[in-house]
Amino acid sequence: MKDTKKQRKRGPLTREAQITGWLFISPMVLGFTLLLLFPMGLALYMSFSDWPLLGNHHFIGLENYQNIMSDSLFWKVLKNTLYFTVGLVPLNIILALLLALLLSKSMRGIGLFRTAIFVPVMTSLIVWSIVWKYMFATDAGLINQLLLLFDITGPAWLYDTDLAMPAVIVTSVLKNVGLNMVLFIAALQQVPRSLYEAATLDGAGKTKTFFNVTLPMITPTVFLTVVMTVIGSLKVFGQIFVMTQGGPSNSTKVLVYYIWEKAFKLFQLGYASSLAFVLFIIVLVLTLVQWQLRKRWVFNESDS
Amino acid sequence: MKATRNVPIRKRLGIVGTYTTLSVISLIMIIPFLWMISTSFKEPQKIFTFPPQLIPTSFRFQNYAEVFDLIPFEWFYFNSVYIAFLVVVGTVFFASLAGYAFARIPFAGRNIVFLILLSAMMIPHEVTAIPMFLFMRELGWIDTHLPLILLPIFGASGVFGIFVMRQFFITIPKELEEAAMIDGCNRFRIYAQIMIPIAKPGLATLTIFTFVTNWNEFFDPLIFINTRSLMTLPLGLSLFTDEVGTAWHHLMSATVMATVPLLIIFFFAQKQFIEGVAMTGLKE
């Protein structure tokens, strides 16, 4: 009796839930299908096609991908992208971790430092890059003017094939280190106090406590942050566009800049699509690796 | 603080070291802004003066006025503000509605659809941008603001919004809506009158996240907008950089005007901003 009553009550409720549920998600699902799913499919097809901006496109199979393999500029661009990533990620992570450790102490005026270091995160990447283009300017730039105070004639930072990329890396680290710092501070606050107390009782020093207590506890966050920073670095574009335009002599031309140039300056839409898929595959592999490794840390995460 | 006198030398040195490190790094972050403000008031011929002057000897306010003669700066501002506003409103509405459904309404296919949405978040924007350009061209929407408004609301950024809101709605106790359901409230009323007021902190986070991301968006305006007066601040400023050459005083006046209002808002709502933006870090 009770059961049938429940059944009857649930019947119309479920149908109502079906309709309302789908109704509520329908705008997003429709938009998502049109603006993400459909373009994704078309992009895949385009990557197998010769697709000029005007005129007919036709299917050419793997030709674009074969051309990528023998495109010496692609390899240079990929090398530059890796150079940027390998240069930026360790610097960014280590500095962010150091700052997080310093700023998680309770000291007077700590909030002020935190704000100062976070301000660049709030600034638009384009504005930050413009200001740093000016900082690195050969004659008027503050860096070279300060060097001149010590009688050093500074180099033309952004016009030197060896120095342009490091300059962009420094600019990018300073822009985003505050973000990772905030993520690390949050992770540090999650570490249970009792662990530190236990470590102190066991007579562990500061360094030992850091490597044996703090670091293992925040490893999941550090790892996630590293992966996100790597993916972000592989997609670097804005600062390159503003500061160097890929120059001098392609020394700062990175993958997304190359994709943009091929697609929207040279209008080789098919070739650009296959380049974009190369980027997608790299990002996909990194994401999957991260998921696999995160599973191992699930216990750790729910624990903290 | 009374104990300061009794702190051992080693610990005191540690505190000095901490403050020194933090001060140096903070200065590196802040000096570019001071230098930007300083240059924005300088006479053009003073820009190359050596030694560098942090405080200009004379202030030239015309630099600011001249920016408006060189570029349609007021339009850049207007476009950036109104596009970000519409994107925030659209995202908050559609993402919270969908987020609520995914969290609370048991409908068929809920989990699979949610999974598809989530996995789409890792598609790099650069992949879909090229077909999207063709698509927008077919619709005749190139050089209009429509792609800049619709793509973030319904694209990856909106999907991220659904995710944020779903996580938030899941934590709200079920009893509240059950009581309302018995009173005969329909689900839209429960969403609008019960859930939304409770979800204010989550909505604030989503608003800030969406606003900051959109305010700084560069790639989409770059590919979709050609006409000067239709450009947003980041795009307009980046092209202005190419044109001014060494007229840094004009460029810096423009960047000051583009940055300072947002930074003032940031100082007043720091906590919310840091939380909101920290989520961007988890997304990208």
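Reader: What is the crossing of α7(A) and α9(A), left-handed or right-handed?

Author: The crossing of α7(A) and α9(A) is right-handed. A crossing is left-handed if the near helix is turned anticlockwise from the far one by less than a right angle, and right-handed if clockwise. Before we go on: this is a predicted model, where local features need pLDDT of at least 70 and side-chain atom pairs count only at pLDDT 80 or more, while totals for chains, interfaces and linings use all residues. Residues are numbered from 1 along each chain as its sequence is written, and chains are lettered from A and ligands numbered from 1 in the order in which they are written.

Reader: Why are α7(A) and α9(A) called roughly antiparallel?

Author: Set the angle against the cut-offs. α7(A) packs on helix α9 (residues 206-234) of chain A at about 165°, and the axes are 9 Å apart. Angles run from 0 to 180 degrees between N-to-C directions, and axes are lines fitted to C-alpha atoms, for helices over the stretch in contact. Under 35 degrees is roughly parallel, over 145 roughly antiparallel, 65 to 115 roughly perpendicular, and the rest oblique. The pair α7(A) and α9(A) is therefore roughly antiparallel.

Reader: Which residues of α7(A) and α9(A) make the contact?

Author: From α7(A) come N180(A), L183(A), F184(A), A187(A) and L188(A), and from α9(A) come I218(A), T221(A), T225(A) and T229(A). By class that is five nonpolar, four polar and no charged residues. A contact here means that the C-beta atoms, placed from the backbone, lie within 7 Å. As for class, Ala, Val, Leu, Ile, Met, Phe, Trp, Tyr, Cys and Pro are nonpolar, Asp, Glu, Lys and Arg are charged, and the others, Gly among them, are polar.

Reader: What makes one residue charged in the contact of α4(A) with α7(A)?

Author: Start with the packing. Helix α4 (residues 110-122) of chain A and helix α7 (residues 164-190) of chain A pack at about 115°, with axes 7 Å apart. Their crossing is left-handed. I117(A), F118(A), P120(A) and V121(A) of α4(A) meet L174(A), K175(A), N176(A), V177(A), G178(A), L179(A), M181(A) and V182(A) of α7(A). The classes are nine nonpolar, two polar and one charged. Lys counts as charged, so K175(A) supplies that one.

Reader: How do you know that α4(B) and α7(B) are oblique to each other?

Author: By the angle again. The axes of helix α4 (residues 110-120) of chain B and helix α7 (residues 156-170) of chain B cross at roughly 130° and come within 9 Å. Those two helices are therefore oblique. α4(B) passes α7(B) in a left-handed crossing. In α4(B), L117(B), L118(B) and A120(B) meet A156(B), V159(B), I162(B) and F163(B) of α7(B). That contact has seven nonpolar, no polar and no charged residues.

Reader: Why is chain A called more spread out than a compact globule?

Author: Chain A has 13 helices and two strands. Its radius of gyration is 26 Å, well over the 19 Å that the globule rule gives for 304 residues, so chain A is more spread out than a compact globule. The radius is taken over C-alpha atoms, and the rule is 2.2 Å times the number of residues to the power 0.38. The C-alpha atoms of chain A fill a box of roughly 95 × 75 × 30 Å along the principal axes.

Reader: Into which domains is chain B divided?

Author: Domain 1 (2-64) and domain 2 (72-283). Such bounds come from an automatic or database domain assignment. The C-alpha centres of the two domains of chain B are 34 Å apart. Nine residues of domain 1 of chain B touch eight residues of domain 2 of chain B. For chain A, the assignment gives domain 1 (2-47) and domain 2 (69-303), with C-alpha centres 38 Å apart.

Reader: How many residues does the contact take from chain B and from chain A?

Author: It takes 78 residues from chain B and 77 residues from chain A. On the chain B side, the largest share, 12 residues, comes from helix α1 (residues 9-40) of chain B. That side of chain B has 60 nonpolar, 14 polar and four charged residues.

Terms used:
Helix = DSSP H or I, 4+ residues; strand = E, 2+ residues; numbered from the N terminus. Contact = placed C-beta atoms within 7 Å.
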